[in-house]
Each structure stands twice: as structure tokens, then as C-alpha cells.
Amino acid sequence: MVSVSSSRMLRLLQGHRSCKTRLVTKDGHCNIEFGNIEYSNHFAYLVDFWTTFVEIRWRFVFLLFVASFMGSWFIFSLLWYWIAKSNGDLSGQNRTDGHVQCIDNVNGLTTAFLYSLETQTTIGYGGRSLTGHCAGTVALIILQSLIGVFINCFMCGVVLAKISSPKKRAKTVPFSDTAVVCLKKGSLCLLIRVANLRKTLLIGSQIYGKLIRTTTAPDGETIILDQVDVDFMVDAGKDNLFFVCPLTLYHVINKSSPFYELSADTLPQQDFELVVFLDSTAESTSSSCQVRTSYIPQEILWGYSFLPIISRTKTGKYRVDFSNFSRSVPVTTPHCVHCFETDADQRNHNDHNQQKTGIDNLGFQAIDVHDFVDITKM
């Protein structure tokens, strides 16, 4: 049995967090980069331009928003300026008697830009307008109106898609900072907590994990980022969870578990990363989302158990105390899985021997009575 002080484990945890390189960060981002990609492959990002624009950072979205509108206004202002200049409508040009203007009050590039802005945004102050005497101006105003509608729809769609991104919903589904190893229902288990901070449910939730480590194949090949499945479940199962309150997930450490050979002493020296996934559908938006986090060996506390966080108030409501969400306390826990199985076998053997409730009398013999004698008769 082991009992390690929480202050010591906290110091170990803080010391290794800074030096350990993760594949998946605590907030779910993947720590990976791509190198030596051919320039021809960059064209694929432009082909899938919608996904590219949705995934870029907000600063670039704002830059794209401003540039798209300002650029279209300026480009069409040059076209309006060219039409006005070709028709002799600009100030300073020699106008003949009976000159018919194509655009009223467009006398230079500045006024042409203002007219382009008013046209595309449908402001229409009334100071500048088409006269209807030039066919080219009619075609140009139709073209600018259509392009303006397309830009408005596209940019509104990008902003709406980024605001309603499932990644934002994942921010309200936290995992516990640490995992613990303790006894649960007669088995040695690895426990993790997850909570839904919103009252709207997550439908069809599924929990699973991947143990990522570097292994060596029998032929001597080194496999980097080798993945092993880790099954998690709650008391009600592992699929279609009723995610209305914080859940404690547990993984039974048995012979089929990748943690079977670990012990309280060897766990901190291991080099692996446990990535936990939660796949679900948001009830309010019907959008699928995935929440991820990871645990390194120094963040798995052997011999600890989570504090209870759910209680019932006097008014009959259930209350969740999130101050104890990641807190744990030392509990009596076997030093390793083999120790636990040996103790269990010994207990089963003792229980089997204790099932006999009498003392064997080897001299006792059973005889048959053939003649029945009624002793009540005199």
C-alpha cells in the first residue's frame, strides 16, 4: 500500500508540465507541424477556400472583411471614374453645349469612390445618381450590386460559422487536471472526471482514450506515436451517456489494459501520453463536437481518489461543487496490479475455507434402522 503526500505530487506535477512535450495540450490543441510540403499542395487550400477562411484566426477574418469591402469599392470607383472621364463628365474637361452626363455629381476620383460606396451599400444619399443615358453605367451598377450581395453573404457566413464553431462548445466541457488510480467496485481503476458547464445536454456522448507512446517492434523498428486503445466507462456504460452532471470515468486495469505492468513506483518514470476524447452532439445547435485532453504520467496520481462534488440541498435540488472538481485525497490502494490480484486470490482462498460452519467427526457412522419400535406403547 502507498500513501504519497499531495504537496509532493503537486510539486512533481508542476515540475514536469513545463519540460514534457505533449502531442495534445490540456485544452485539446494538437502540438504538431507539417514540413517539406510541396508548393503544389498549397493550391489545395485555395480550392477548399471555405474551410480555409473558417479556420483562419479572427485577426485575418477582420482583415479579410475590411479588405473585401474596401477593395471592391475602390475597384468599382475606378470603373465609374473611367466611364465619367470617357464621357467628359469630370470637372476641368471641355464640355460642349448639350452635353449629357452619364453620372451626376461625379467630378473626380473621390466622388467616384463615394458613389461606388453608396451604390454597393445601397445608401443612396441622392447627390450622385445615374442619368440613364449610358448603357455601360446600367450594366456596371447591376454587376456591382450582384458582387456586393455575394461579398455580404460570404463574409456573414464566415463570421457566423466561426462564432458557432463546435470548438467553442468544447470550452464548456472541462476535464479534471489530474487522473487518479484507486480501487473502485473491487477493481483497480484509472479515474478521470469530465463536466458539462452548460445546462443544455450533450446528446450521444461517447468516451474513449488513446495511449500514445514510443515502442520497439519485434524486428527492431522504433514506432513513434504508437497508439493503443484505452476503454473508459461510467457505471451506466460507455455510450449514450446522460451527461447532465459531472461524470467520473474509469478504466479497469486488468490483463488487457496497457497499464497492467505499472506500479506506484514505476509510473512517474514512464514516457507516455494518455489522450481522452469525448464525442457528442450539442442539443441546442445539433452540431457535433469533440473535446480532447491529455495526461502524462506525472499527472496520474496513484493512491488517490476524487472528492465528492454532488450533494442535495434542502429545497430538493442537486448541487454541484466545482471547487472539488479536480481535488483528490489519498486512499488505501494496492502498490501494483499484481499485488492486488495476489491479495484478492488470498482473500478468495480464505473465504472458501471459512464457508464450512461445523467440525468434521471422523468417527461418526450412519446406520440403517430396519425395525421400527413404537416406544410410546407399554
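In the predicted model described here, residues 24 or more positions apart account for 66% of the contacts with a separation of 6 or more, a contact being defined as heavy atoms within 4.5 Å. The model is a prediction in which local features need pLDDT of at least 70 and side-chain atom pairs count only at pLDDT 80 or more, whereas totals for chains, interfaces and linings use all residues. Residues are numbered from 1 along each chain as its sequence is written, and side-chain values use heavy atoms, with hydrogens and water left out.

The secondary structure comprises eight helices and 15 strands; these elements are DSSP runs numbered from the N terminus, with helices of type H or I and at least four residues, and strands of type E and at least two. Of the 378 residues in the protein, 34% are buried. Here buried denotes under 20% relative accessible area, exposed over 50%, and partly exposed the range in between (1.4 Å probe, protein chains only). The protein exposes about 24300 Å², of which carbon and sulfur atoms supply 57%. Accessible areas were calculated by the Shrake-Rupley method with a 1.4 Å probe, and for residues only the protein chains shown count as cover.

An open sheet is formed by four strands in the order β8-β4-β3-β11, with mixed pairing. Strands β8 (247-252) and β11 stand at the edges with a single partner strand each, so one side of each is left without a neighbour in the sheet. From one strand to the next, the twist averages 40°, where axes are lines fitted to C-alpha atoms (for helices over the stretch in contact) and angles run from 0 to 180 degrees between N-to-C directions. Two strands are taken to pair if DSSP finds at least two bridges between them.

Within this sheet, strand β3 (residues 179-184) runs parallel to strand β11 (residues 300-302), and three bridges join them. In this pairing Ala179 stands opposite Ile300, and Val180 is placed opposite Leu301. Strand β3 is also joined by five bridges to strand β4 (residues 187-194), in this case with antiparallel orientation. Val181 lies opposite Leu190 of β4. A hairpin is formed by β3 and β4 with two residues between them, and Lys185 in the turn has a positive phi of about 55°.

Four salt bridges were counted in the model, the criterion being a side-chain nitrogen of Lys or Arg within 4 Å of a carboxyl oxygen of Asp or Glu. One of them joins the side chains of Glu299 and Lys26, with an N to O distance of 3.5 Å. This pair links distant parts of the chain, 273 residues apart: Glu299 is in the loop between β10 (288-295) and β11, and Lys26 is in the loop between α1 (6-17) and α2 (43-47). Glu299 is buried at 0% relative accessibility, whereas Lys26 is partly exposed at 29%. Together with Arg22, Lys26 and Glu299 are linked in a network of salt bridges.

A further salt bridge connects the side chains of Glu118 and Arg128 (3.1 Å, N to O). Glu118 belongs to helix α5 (residues 109-120) and Arg128 to the loop between α5 and β2 (129-130), the two being ten residues apart. Glu118 is buried, having a relative accessible area of 6%. Lys210 and Asp229 likewise form a salt bridge, in which the closest N and O atoms are 2.3 Å apart. Here strand β5 (residues 202-216), containing Lys210, is connected to strand β6 (residues 222-231), containing Asp229, across a separation of 19 residues. Lys210 is partly exposed, with a relative accessible area of 22%, while Asp229 is exposed at 51%.

Phe74, Ile75, Leu78, Leu79 and Leu109 make a nonpolar surface patch of about 430 Å². Patches consist of residues with over 30% relative accessible area and no salt bridge, like charges being joined within 9 Å and nonpolar side chains (Val, Leu, Ile, Met, Phe, Trp, Tyr) within 5 Å. Helix α4 (residues 58-86) contributes the largest share of the nonpolar patch, namely four residues. Leu79 is located in helix α4 and is partly exposed, with a relative accessible area of 36%. Ser72 also lies in helix α4, but is buried at 7% relative accessible area. When residues up to four places away in sequence are not counted, Ser72 touches Ala67, Ser116, Gln120 and Ile151.
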